[in-house]
Amino acid sequence: MSHGITDTQRVLTLADLEQGDLSFAQTSLAVLGHPIAHSLSPQMHNGALAALAKEAPQLADWRYYAIDVPPADLPRALRLLRKRGFLGLNLTIPHKVLALAHVAEIDPAARVIGAVNTLRRLGGANDDQPAHAGGDQCDSLGDGWQGFNTDGYGLAAAVRETLGLDLSGQPVILLGAGGAARGAAVECLAQGCPSLWIANRTAANLETLLSELAPLADKSRRGEKNRLHGFSPARVPDDLPAHALVINATSAGLRESDPMPIDLPALPRPAGVYDMIYNPPETPLLHRARKLGLPRANGLSMLVHQGAKALEIWSGIAASRIAPLMQKSLTP
Ligand code: NAP
């Protein structure tokens with residue numbers, strides 16, 4: 001019976017990894033989530049790696065896997081994957097916040113967001129020693145992975161590419177107060193957006209996010225005052241800015257039965273609408289934006305750019321070179 005390298009199209013479990021009879025590529029990467037079978041990340045990363053390997057042969061034996069990890073198993077998975085020599089991991093629902101407590105070092109930007117979506121192994125291959133104290137840039141918590149968050153970078157690059165808008169010069173109306181909205185809000189404020197209006201269904205979650213963002217909002221590069229605001233999507237305020245970028249960071253739109261996250265025609269005419277959801281490709285919000293003749297884009301470009309940045313962190317190859325290859329690998 002042959003014991004070749006494990007097929008990257010197969011969704012793995014922790015039991016598969018623990019049995020130890022699977023062989024992995026010399027340099028292995030993976031996305032951990034629960035559920036994970038729907039993830040486009042293996043296709044996107046393996047497609048880009050195959051294309052890059054034509055000019056960078058050292059990447060020829062890099063492979064990216066999908067591993068189903070329930071939340072309670074995350075600490076065990078991180079220990080096991082480190083032991084098995086995995087170089088890098090992406091984290092998706094429900095691990096992005098949970099992982100903070102289990103990584104050795106956290107990039108400062110990810111610490112502000114309070115979530116990580118990319119991990120890089122510290123130390124050498126199969127090194128199971130306790131991690132060293134934090135480096136110059138990072139806070140240390142003690143274990144073997146360094147955490148980053150590439151979602152904000154991915155959003156900024158996607159909005160620039162698809163809508164021609166720059167977060168640094170753009171009033172933003174952000175829908176949602178969960179993990180994705182938190183990353184988006186930090187990116188908007190860090191890039192110096194002149195005003196940020198956040199709407200969320202549950203008032204308590206909105207208030208928590210606003211109070212956490214307040215110190216960052218005060219650090220305006222251009223000295224704008226009161227640039228952070230919150231409102232209920234059920235009561236659209238009169239003084240929303242015109243020509244804002246509307247970003248949907250809620251999960252409303254994933255299912256056909258979902259309500260609209262906001263009544264788009266009730267807003268002053270926006271400069272564009274970006275929906276982080278990419279499946280379905282046209283959510284009811286994007287459908288409404290099309291009917292109103294507004295520039296619009298779905299979240300596929302964000303998926304590509306956050307993935308390209310993660311691969312840059314692991315490989316040192318520029319994200320700008322990787323992104324078109326990832327995009328191509330997702331195009332039928
Ligand atoms: P999350 O932490 O669970 O937050 C969900 C958010 O959606 C909360 O603000 C929640 O409001 C709101 N919400 C849920 N159902 C709603 C409904 N029926 N009506 C109105 N609001 C509703 O999830 P997340 O990690 O932030 O992800 C949010 C979305 O972004 C998901 O669709 C995810 O796939 C997408 N995303 C895409 C990318 C990409 O690369 N394109 C990256 C990250 C995330 P309450 O506070 O009221 O519950």
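Which residues are linked with Asp73 in a network of salt bridges? The network joins Glu18, Asp73 and Arg76, where a salt bridge is a side-chain nitrogen of Lys or Arg within 4 Å of a carboxyl oxygen of Asp or Glu. The model is predicted, so that local features need pLDDT of at least 70 and side-chain atom pairs count only at pLDDT 80 or more, while totals for chains, interfaces and linings use all residues. Residues are numbered from 1 along each chain as its sequence is written, and side-chain values use heavy atoms, with hydrogens and water left out.

The structure holds 10 salt bridges, and another of them joins arginine 182 to glutamate 212, with the closest N and O atoms 2.2 Å apart. This pair links distant parts of the chain, since arginine 182 belongs to helix H6 (residues 179–190) and glutamate 212 to helix H7, 30 residues apart; helices (H or I, at least four residues) and strands (E, at least two) are DSSP runs, numbered from the N terminus. Glutamate 212 has a relative accessibility of 44%, and therefore counts as partly exposed.

A further salt bridge is formed where the side chains of aspartate 263 and arginine 288 meet, at 3.9 Å from N to O. Aspartate 263 lies in the loop between strand E12 (245–248) and strand E13 (272–275), whereas arginine 288 is in helix H8 (residues 284–291), so the pair ties together parts that are 25 residues apart in sequence. Aspartate 263 is partly exposed, because its relative accessible area is 41%, and arginine 288 counts as partly exposed at 31% relative accessibility.

Helix H7, which spans residues 203–218, is also the place of leucine 206. Leucine 206 counts as buried, because its relative accessibility is 5%. Leaving aside neighbours within four places in sequence, leucine 206 is in contact, meaning heavy atoms within 4.5 Å, with Ala177, Ile198, Asn200, Gly230 and Phe231. Leucine 206 and glycine 176 are 30 residues apart in sequence, and their C-alpha atoms are 7.9 Å apart in space.

Terms used
Buried < 20%, exposed > 50% of the residue type's maximum accessible area, 1.4 Å probe, protein only.
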